[in-house]
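Q: Could you take me on a close look at one part of this model, and show how it sits in its surroundings?

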Amino acid sequence: MRTRLMIVLAVLGLTGLMATTGCSLRQSICGSDEYPVIAVGPQGGSSCVPDGEEPSPPYVRYPEGKVPKYVDDEWDVYWRTHGIDENNRVIDR
């Protein structure tokens, strides 16, 4: 019983520490020195490009304000059913 109590207290302490330090379990779409891009066409697909570099075809930047930052965030989920056409218009897949 004492071991269980110690485990529960350790988990609660770790959870509290993570909450106060801003540590997150969310997985970023790209690394800290990169930004996400999307492939043109209905098949879509995404990649990451180093900051300061432009994406090379078939990739383009996501529309402003619709850039996914974390796996399963609002925009990551949105782009699973949408794409970008050759005129940079949002299309359904």
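**A loop residue and the sheet around it**

A: Happy to. Let's start at Asp51, which lies in the loop between strand 2 and strand 3. Please keep in mind that this is a predicted model.

Asp51 has a relative accessible area of 46%, so it counts as partly exposed, a class that runs between the 20% and 50% limits. Leaving aside residues up to four places away in sequence, Asp51 touches Ser32, Asp33, Glu34 and Tyr35. Pro36 is 15 residues from Asp51 in sequence, and their C-alpha atoms are 9.7 Å apart in space.

Now for the strands on either side of that loop. They belong to an open sheet of three strands, paired antiparallel in the order 2-1-3. Strand 2 (46-50) and strand 3 (59-61) are the edge strands, each with a single partner, so one side of each has no neighbour in the sheet. From one strand to the next, the twist averages 50°.

Strand 1 covers residues 34-39 and pairs with strand 3 in the antiparallel sense, over three bridges. If you want a spot to look at there, find Ala39: its bridge partner in strand 3 is Tyr59.

Stepping back, the chain holds two helices and five strands, following the pattern α-β-β-β-α-β-β along the sequence. Of its 93 residues, 23% count as buried. Among contacts in the chain with a separation of 6 or more, 33% come from residues 24 or more positions apart. The chain exposes about 7,000 Å², with carbon and sulfur atoms supplying 56% of that area.

Definitions and conventions
Residues are numbered from 1 along each chain as its sequence is written. This is a predicted model: local features need pLDDT of at least 70, side-chain atom pairs count only at pLDDT 80 or more; totals for chains, interfaces and linings use all residues. Side-chain values use heavy atoms; hydrogens and water are left out. Two strands pair if DSSP finds at least two bridges between them. Helices (H or I, at least four residues) and strands (E, at least two) are DSSP runs, numbered from the N terminus. Axes are lines fitted to C-alpha atoms, for helices over the stretch in contact, and angles run from 0 to 180 degrees between N-to-C directions. Buried means under 20% relative accessible area, exposed over 50%, partly exposed in between (1.4 Å probe, protein chains only). Contact means heavy atoms within 4.5 Å. Accessible areas come from the Shrake-Rupley method with a 1.4 Å probe; for residues, only the protein chains shown count as cover.
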